[in-house]
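Colleague: Please show me the structure, and then I will ask about it piece by piece.

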Amino acid sequence: MNSFKYASPAQFYPLAGKLVSVFAVLATVLLIIGLIVGLYLAPIDVTQKDSYRIIYVHVPAAWMSMFLYVVMAFWYAIALGANTRLSAMMAQSIAPTGALMTALALWTGSFWGKPTWGTYWEWDARMTSELVLLFLYLGVIALRSAIDDPRRADKACGVLAIVGVVNVPIIYMSVQWWNTLHQGATISVGERTIDSMMLTGLLMMIFAFWFYSIAITLMRVRAIILEREAGANWISELSEVKGQR
Amino acid sequence: MTGQQAANPQSGSGMSARKKRFLWIGFGLLLSFAITALVVKGLSANVTYFYSPTEVAQNVAPKDRAFRIGGMVEEKSLRRAADGLTIYFGVTDSAHTVKAVYTGILPDLFAEGKGVVAQGKLDENGVFQATRVLAKHDENYVAPEVAEAMDKAHKEAVLKTLK
């Protein structure tokens, strides 16, 4: 049963605290270097000139928006199936970051679309399904706020999140299944369609967004643990809590 | 539910109740994926953002209402009218070409040999009367120095995105 040691909020809380600082430092360092590489060292794109540089935020945000949704649905599935508290709290803590990433992807994409395509918004399959993803995140967040009992909220949000996961492959595959205004994937295994310096900056930004998401999610899950387990003995013995009372 | 539990002696224990819940989640997930697959398949004609010149030639594209056509601006097809605003160009997917007319402001990336999506209607002469023109970018990001060498590959990539 040792592998489930950290499934207990009391064990996970201090571990998460240590991980937060590691990932926050990694994210900050990569973000700074990634932005320097992307905005100064990487060359301009021959057709889009400087406006292509929005990909250094857009692509990582779009990836995280889809990936975080799958992770959230996974933790909700574990919470619904195994009735574990911490997995529901993990899922709860991912939703706001996922919504932020989705909004960021839509917003930067729109600002890129105007100079490149000539439009801020088009109802093509990629953009529409990404907008649906934002509504799914907002729906999960709103549903939780609407239900006072957190355990009941876990169940309701879990069902919504798990059903909504069907949208993720639609977003991902939309540019291949249908004719869309949005172009295909830039980074794919086996073939590269991007300049190597651009790719270096982009990969750094992708990892920066990864580590940021991990750090902020763990930070938030610690707050959620304190809130939802407030009556537990181990919490009243925490040094940071003792000082407050 | 209670009737089922009584019928199945195993479901009384905690482990099997958990297994059952996971089975229900898996079943629900499978069901929603199946439903979505059917919906996606059924809607696929409506999800298409634009038609290719080949689809126009094969009469797949609507005849009497507005639609979008996507392709590459044919090389050496671009002509400007005397008013300076009206342009004539060919939209091609290398197999077929549709002639198009547009009056208005073009996106910066609009050029011969680049991707384009135009919205409008076919007139009686088979000329596409565009009311709106957007540039379609491909997934390639290239520094100016290497651009020339890759010019050919670039055009192939644009054509590839059109299927």
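Colleague: At roughly what angle do the axes of helix H2 (residues 55-82) of chain A and helix H3 (residues 85-116) of chain A cross?

Modeller: This is a predicted model, where local features need pLDDT of at least 70, side-chain atom pairs count only at pLDDT 80 or more, and totals for chains, interfaces and linings use all residues. Residues are numbered from 1 along each chain as its sequence is written, with chains lettered from A and ligands numbered from 1 in the order in which they are written. Helices here are DSSP runs of H or I with at least four residues, numbered from the N terminus, and axes are lines fitted to C-alpha atoms over the stretch in contact, with angles from 0 to 180 degrees between N-to-C directions. The two axes come within 7 Å, and they cross at roughly 155 degrees.

Colleague: Is H2(A) roughly parallel or roughly antiparallel to H3(A)?

Modeller: Angles under 35 degrees count as roughly parallel and those over 145 as roughly antiparallel. The crossing is at roughly 155 degrees. That makes the pair roughly antiparallel.

Colleague: Which residues of H5(A) are buried?

Modeller: A residue is buried if 20 or more other C-beta atoms lie within 10 Å of its own, with C-beta atoms placed from the backbone. In H5(A) this holds for Asp154(A), Cys157(A), Gly158(A), Ala161(A), Ile162(A) and Gly164(A).

Colleague: Why do the buried residues of H5(A) line one face of the helix?

Modeller: The arc is that of the directions from the helix axis to the C-beta atoms. Seen down the axis, the buried residues of H5(A) fall within 145 degrees, so they line one face.

Colleague: What percentage of the 245 residues in chain A is buried?

Modeller: Chain A has 9 helices and 2 strands, a strand being a DSSP run of E with at least two residues. Of its 245 residues, the buried ones make up 44%.

Notes. A residue is buried if 20 or more other C-beta atoms lie within 10 Å of its own, exposed if 12 or fewer, and partly exposed in between; C-beta atoms are placed from the backbone. Angles under 35 degrees count as roughly parallel, over 145 as roughly antiparallel, 65 to 115 as roughly perpendicular and the rest as oblique.
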